[in-house]
Amino acid sequence: MYVTYFGKNRLYHNQSGVFSEVAEQSRVAGSGKAWGTGCAFVDYDRDGLLDLMVANYVDFDLSNAPAPGERSACMWKGVPVMCGPRGLPGSKNILYHNQGHGTFEDVTTKTHIDQTNGHYAFSVSPLDFDDDGWPDIYVACDSTPSILYHNNRDGTFTDVAVIAGAAFNEDGREQAGMGTTVADFDGDGRLDIFKTNFSDDTSTLYRNNGDGSFSDATFPAGLGLHTQYLGWGAMFFDFDNDSWPDLIVANGHVYPEVDKYHLGSNYEEPRVLYRNNGNGTFTDLSASAGPGITTSASARGLAVGDLWNDGRISVVISNMSARPSLLVNEARSSNHWIAIKTVGSKSNRDGIGARVTVKIGKRTLVDEVRSGSSYDSNSDMRVHFGLGAATKIDELKIRWPSGLTERFDNLRVDTIHTLKEGTGTAVQDAAEKSKARPAGAAIP
């Protein structure tokens, strides 16, 4: 388990139920000067070993920190508040390459991750946005354009967020990005991105156009209403198993002064639950979703998972200066579901980066095994699909990070299946056919 901090980060190695802290000897502790935020394991070069992407917020020296009101960046709506991030030195993101045998190499420069600088980075969401079989990385940034590291398939990345339409909102404005989550919200077989932002702004939904670009679909999808909230952790999850990914957002302000001076927001804010209508739009169900949603807190991290292995996804939220919240899913329906735990053999053991495709009738459901996302959190990495009224799976395929694509037959619904690489029926995948494209060539 890897944990980021203000200061040095920690890597806890599980040794048969007892953990040893090995960050220094594994060379992933960092310099101690950065403010670590989001992180994710990702096998960026598909060598079967999990690498580590770490986002950093600022290089912050507590002994020289400016006082509230000391600079223009320490004022908000005329009120002195804590400073930043503008006015503070940014920090570079770091990519560690797994060398095997428990050690990593800092390949930030070698992979061109450092060519995007001056950003205040938060959430890390790996996703294969162009469906070429190689993992890309999306990073939400505070007060600066977001980053989309496109995997060039030669050991390097290029930040294509601006040309891909995923750096700004539809007005061309940079936003104060916090958390991110990935899913195919509209059922077209392409992975889309949702990003939370600061108050007095909307969250942002980026619809994947399938040609290497994204469109801002926030307002058409009905997600542009709650500008009073400051969003943090967020996750797509199918809470009612109707086969369409719904969306939950944790909120909470950073400035306690908003209560004292009545600045249009509250320090403690409720969560928001959106139901996917299955037509590219969402409906806000928050008011009727129970106290787990309507209770206010100054929330930050959010993770989802099938905690009781019964097909109903619940939610865990971390709160500032308070106990975490456990939101138990009590939604009852006759809808069916299936969940997949991947076990790699040639690929990394957890199958992180594997793309799972399920066909039910005319629908094709798509997701990936993903580390990271939300805000400084990690969710259940078993891939869960609601199936609606479908009582059988017509086809389930896994494209493993190794490049192997397999079909798995006769899988029962309402069951968690553990599927191991090499035990299915091999099929040819379109992404592997495209390998004729030269490494590093531009995306379409």
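Hi everyone, let me begin with Ser243: at 10% relative accessibility, Ser243 counts as buried, where buried means under 20% relative accessible area, exposed means over 50%, and partly exposed lies in between, with a 1.4 Å probe and protein chains only. Before going on, a word on the source: this is a predicted model, where local features need pLDDT of at least 70, side-chain atom pairs count only at pLDDT 80 or more, and totals for chains, interfaces and linings use all residues. Residues are numbered from 1 along each chain as its sequence is written, and side-chain values use heavy atoms, with hydrogens and water left out.

Back to Ser243, then. Its phi is near 90 degrees, a positive value in a residue other than glycine. Ser243 sits in the loop between β18 (231-237) and β19 (246-251); strands here are DSSP runs of E with at least two residues, helices are runs of H or I with at least four, and both are numbered from the N terminus.

Is Asp242 buried or exposed? Asp242 is buried, with a relative accessible area of 15%. What does its side chain meet in a polar contact? The partner is the side chain of Arg275, at 3.2 Å. A polar contact here is a pair of N or O atoms within 3.5 Å; within protein, one must be able to donate a hydrogen and the other to accept it, and residues adjacent in sequence count only if both atoms are side-chain atoms. If we set aside neighbours within four places in sequence, Asp242 is in contact (heavy atoms within 4.5 Å) with Arg275, Asn276, Asn335 and Gly388.

Now to another loop, and another positive phi. Asp414 is not a glycine, yet its phi is positive, about 55 degrees. Asp414 is found in the loop between β30 and β31, and it is partly exposed, with a relative accessible area of 32%.

Arg412 lies in the loop between β30 (405-408) and β31 (415-420) as well. At 57% relative accessibility, Arg412 counts as exposed. Its side chain makes a polar contact with the side chain of Thr415, at 3.3 Å. Not counting residues up to four places away in sequence, Arg412 touches Ile338 and His417. For those of you who like distances, the C-alpha atoms of Arg412 and Trp337 are separated by 9.4 Å, with the two residues 75 apart along the chain.

On to the cysteines. How many disulfides are there? With a disulfide defined as a pair of cysteine sulfur atoms within 2.5 Å, the count comes to 1. Cys74 and Cys83 form a disulfide, with their sulfur atoms 1.8 Å apart. The torsion about the S-S bond of Cys74 and Cys83 is about 110 degrees, so the disulfide is right-handed. Both Cys74 and Cys83 are buried.

Cys39 is buried, at a relative accessible area of 18%. Cys141 is buried too, with a relative accessible area of 0%.

A quick stop for anyone who checks omega values. A cis peptide bond joins Gly84 and Pro85, with omega about 0 degrees. Pro85 lies in the loop between β7 (79-80) and β8 (94-100).

Next, a helix. Thr294 belongs to helix α4, residues 291-294. At 39% relative accessibility, Thr294 counts as partly exposed. Which residues does Thr294 contact, leaving aside its neighbours within four places in sequence? They are Pro270, Ser286 and Ala287. The C-alpha atoms of Thr294 and Pro270 are separated by 5.0 Å, and these residues are 24 apart along the chain.

My last item is on the surface. Leu307, Trp308, Val316, Leu326 and Val328 form a nonpolar patch there, with about 470 Å² of accessible area together. Patches are made of residues with over 30% relative accessible area and no salt bridge; nonpolar side chains (Val, Leu, Ile, Met, Phe, Trp, Tyr) are joined within 5 Å, like charges within 9 Å. Accessible areas come from the Shrake-Rupley method with a 1.4 Å probe, and for residues only the protein chains shown count as cover. A salt bridge is a side-chain nitrogen of Lys or Arg within 4 Å of a carboxyl oxygen of Asp or Glu. One member of the patch, Val316, lies in strand β23, residues 314-319. Val316 is partly exposed, with a relative accessible area of 36%. Thanks, everyone!
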